[in-house]
Amino acid sequence: MNATNKKEQFWLSTPLEQMTPVQWESLCDGCGKCCLLKIQEAETQQVRTTKICCRLLNTRTCKCSNYRERFRYVDDCIKLNPTNIKTITWLPKSCAYRLVKEKKGLPDWHPLMTKDLQSTIKSGHSVKSFVVHPALVNKPIITYLLEEV
């Protein structure tokens, strides 16, 4: 049984467009999957995810090491918002923004369900166990491709 009751589950009744900044930010489970390098295959246009993370991702905590100023240091960092969330197709299947958009419930391990900010890492649903910092990349990028995140 999770630690959240129906009354506290704002994401079930509040559209993404009407969420407060605090509610919006709390949807992020801290998995780090959106901070993984993506490549687009030339022939198929398919977006593939790699094990290589953004240089700002703290690989122990799966949090951005400079969240407030990330756009200053990472040109292609994307700020998720209620508008672009509708068209971004590469978000992981477990991403709360995607799940809320699709009118699905959050997984039992999500911090909003458990009231534990470490529950994503503790449950094994973060990138912590396999992520590679870009400074450590020493093989062709294709060797770092993931099947699914």
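1. Contact, as the word is used in this note, means heavy atoms within 4.5 Å. In that sense leucine 106 touches Trp11, Ala96, Leu99, Val100, Leu112 and Met113, when residues up to four places away in sequence are not counted.

2. Some remarks on the basis of the note belong here. The structure is a predicted model, in which local features need pLDDT of at least 70 and side-chain atom pairs count only at pLDDT 80 or more, while totals for chains, interfaces and linings use all residues. Residues are numbered from 1 along each chain as its sequence is written, and side-chain values use heavy atoms, with hydrogens and water left out.

3. The secondary structure comes to five helices and four strands, where helices (H or I, at least four residues) and strands (E, at least two) are DSSP runs numbered from the N terminus. Read along the sequence, these elements follow the pattern α-β-β-β-β-α-α-α-α.

4. On overall dimensions, the protein has a radius of gyration of 16 Å, which agrees with the value near 15 Å that a compact globule of 149 residues would have; the radius is taken over C-alpha atoms, and the globule rule is 2.2 Å times the number of residues to the power 0.38. The C-alpha trace spans about 50 × 30 × 30 Å along its principal axes. Among the contacts with a separation of 6 or more, 55% are accounted for by residues 24 or more positions apart.

5. Of the 149 residues, 37% count as buried, a class that means under 20% relative accessible area, with exposed over 50% and partly exposed in between (1.4 Å probe, protein chains only). The protein exposes about 9600 Å², and carbon and sulfur atoms supply 54% of that area, as computed by the Shrake-Rupley method with a 1.4 Å probe. There are 23 positive and 14 negative side chains, and the centres of the two sets lie 4 Å apart; Lys and Arg count as positive and Asp and Glu as negative, whereas His and the chain ends are not counted. The place of a charge is taken as NZ of Lys, CZ of Arg, CG of Asp or CD of Glu.

6. In soluble globular proteins, nonpolar side chains tend to be buried together. A nonpolar core is here a set of buried Ala, Val, Leu, Ile, Met, Phe, Trp, Tyr and Cys residues joined through side-chain atoms within 4.5 Å. The largest such core has 18 residues, of which Trp11, Met19, Leu27 and Leu106 touch the most other members. The helices α3 (96-101) and α4 (111-114) each supply at least two residues of this core, and α3 gives the most, with four residues. Apart from this core lies another, of seven residues, among them Leu36, Cys53, Leu57 and Cys62.

7. Cysteine 62, one of the residues named in that other core, lies in the loop between β3 (57-58) and β4 (63-64). Cysteine 62 counts as buried because its relative accessible area is 4%. Most residues other than glycine have a negative phi, and most peptide bonds are trans.

8. Glutamine 45 likewise has a positive phi, of about 65°, although it is not a glycine. Glutamine 45 lies in the loop between β1 (36-40) and β2, and with a relative accessible area of 45% it is partly exposed. Glutamine 46 is found in the loop between β1 and β2, is partly exposed at 42%, and is in contact with Ile39, Gln40 and Glu41 once neighbours within four places in sequence are left aside. The C-alpha atoms of glutamine 46 and tryptophan 90, which are 44 residues apart along the chain, are separated by 9.5 Å.

9. Threonine 49 has its place in strand β2 (residues 47-53) and is buried, with a relative accessible area of 10%. Its C-alpha atom is separated by 9.8 Å from that of proline 92, 43 residues apart along the chain.

10. Serine 94 is found in the loop between α2 (70-73) and α3, and counts as buried because its relative accessible area is 16%. Leaving aside neighbours within four places in sequence, serine 94 is in contact with Asp29, Lys33, Leu99, Pro107 and Trp109.
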